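Let's take a friendly walk through a protein model. Please look at the sequence and the structure below before reading on.

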Amino acid sequence: MKDRDKVIVRTSVIGILANVILVGFKATIGLLSNSIAIVSDAVNNLSDALASLITIIGTKLASKKPDKKHPFGYGRIEYLSAMVVAALVLYAGITAGVESVRGIINPEVPEYTTTGLIIISSAVIVKLVLGLYVKKKGHEVNSGSLVASGSDALFDAILSLSVLASAIVFIVWGISLEAYVGVIIAIVIIKAGLEMLMETLDEILGKRVDRDTLKAIRTTICEEPQVQGAYDLILHSYGPDRYVASAHVEIPDTMTVCEIDEMERRIADRVFEKHGIIMAAVGIYSVATSDDKIIAFRSKVTHQIMQHDGVIQMHGFHVDEEKKQVSLDIVLDYALEDRDKVFKEICGELEAMEPSYTWRLTLDIDF
């Protein structure tokens, strides 16, 4: 974690230095040449520098050790800092847009110099190299902030190139596209800010973990010989790369408490070793292995349920003969137009199939 923080801080510092230099040059050129597009581009670079600074502050705060008040640490601060960055980007885009519209209403003739054009060309190259570097480092340490900053820098390179193109058009044909290019730049900046904001909100609300990661964790859990299936795998995020998980496993009903305890410890150790994830709990679903009647009953129920389109799986099957009660969970695809309707149909069919039992069916979440 410390190495990750160092990489984020070091990369962000490089981004700050590069953007501050670009802001100085572009702002000077833009003001001297009356170029709204160049000034807008400079404002965009300034927001990038501020975003990198906030990323550093957020990373430092997020790395604070867990304490009594926050036992899972402060990792989620990174999400809050990302929201601040998104707000800054939006502000920069709106400001650039307002100035560009004013330029359309009250146009000013730009005056370009050879030095200015050379600096703008150099800015394109600097932003391109910076973007590739920051994005690469972001992927290496799994930092969404760095990946976003790298992508933003690559967009900036394209925007700076458009400013250069508008300058060349004015020099060659005398057509001023400054203000209009400024509007385009503003729209791109605002779009980037909104995307960053939505991505951060997804993280805070609880975004689905990618299926490859979930599949890998389930595979690790099922490496335990007695485990016949892993279900209800839930990952709670407490910041980037900070997860606490829980899951249910199906195991034979012949296992003793001591065997189950040892199995749960092995699962927790293996998941943490392979994935760096803490298994807070491993719930148990017992599977009948010696009662032929219950085994046949389960097979019949499974066949009936799986005939429906959109059924992903059935698990947690349990029969209490004394209470004449059947419990199980059904997972339906979110793509179904009416999941509740399909679930009620299944419930009705099972109750009609075995009316002597009380059915406790749960519409489970497709994790």
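Helix α5 gives the largest share of the lining of the largest cavity, 5 residues. The model you are looking at is predicted: local features need pLDDT of at least 70, side-chain atom pairs count only at pLDDT 80 or more, and totals for chains, interfaces and linings use all residues. Residues are numbered from 1 along each chain as its sequence is written, and side-chain values use heavy atoms, with hydrogens and water left out.

Helices (DSSP runs of H or I, at least four residues) and strands (runs of E, at least two) are numbered from the N terminus. Rolling a probe the size of a water molecule over the atoms shows where empty space is left. On a 1 Å grid over the protein atoms alone, a cavity is a set of points where a 1.4 Å probe fits but cannot get out, while a pocket is an open set with protein on both sides within 12 Å along at least five of seven lines; lining residues have an atom within 4 Å of a point. Grid points are joined across faces, edges and corners, and a volume is the space filled by probe spheres set on the points.

How many cavities of 30 Å³ or more are there? The count comes to 2. The lining of the largest cavity consists of 18 residues, and those nearest its centre are Asn19, Asp48, Ser52, Ser149 and Asp152. The elements giving two or more residues to this lining are α1 (2–33), α2 (36–62), α3, α4 (114–141) and α5 (144–173).

The largest pocket has 50 lining residues, with Tyr79, Glu199, Glu203, Lys207 and Tyr243 nearest its centre. At least two residues each come from α3, α4, α5, α6, α7 (211–221) and β1 (229–237).

The table sets out the two spaces. Ala, Val, Leu, Ile, Met, Phe, Trp, Tyr, Cys and Pro count as nonpolar, Asp, Glu, Lys and Arg as charged, and the others, Gly among them, as polar.

| Space | Volume | Residue classes in the lining |
|---|---|---|
| Largest cavity | about 170 Å³ | 9 nonpolar, 6 polar and 3 charged residues |
| Largest pocket | about 1500 Å³ | 22 nonpolar, 16 polar and 12 charged residues |

## Helices that cross

Two packed helices are described by the angle between their axes and the distance between the axes. Axes are lines fitted to C-alpha atoms, for helices over the stretch in contact, and angles run from 0 to 180 degrees between N-to-C directions. Angles under 35 degrees count as roughly parallel, over 145 as roughly antiparallel, 65 to 115 as roughly perpendicular and the rest as oblique. A crossing is left-handed if the near helix is turned anticlockwise from the far one by less than a right angle, and right-handed if clockwise.

Helix α3 (residues 77–105) and helix α6 (residues 178–205) have axes that come within 8 Å and cross at roughly 160°, so α3 and α6 are roughly antiparallel to each other. Their crossing is left-handed. The contact of α3 with α6 has 24 nonpolar, 7 polar and 1 charged residues.

For α7 and helix α8 (residues 257–275), the axes come within 9 Å and cross at roughly 140°. These two helices are therefore oblique to each other, and α7 passes α8 in a right-handed crossing.

## Two open sheets

Two strands pair if DSSP finds at least two bridges between them. Strand β2 (residues 243–252) runs parallel to β3, joined by 9 bridges; Val249 has Ile284 in β3 as its bridge partner.

Another open sheet has 3 strands in the order β4-β5-β6, and its pairing is mixed. Strands β4 and β6 (358–364) stand at the edges with a single partner strand each, so one side of each is left without a neighbour in the sheet. Strand β4 (residues 311–320) and strand β5 (residues 325–332) run antiparallel and are joined by 7 bridges. Gln313 has Val331 in β5 as its bridge partner, and Met314 has Ile330 in β5. The hairpin of β4 and β5 has 4 residues between the strands, and Lys324 in the turn has a positive phi of about 55°.
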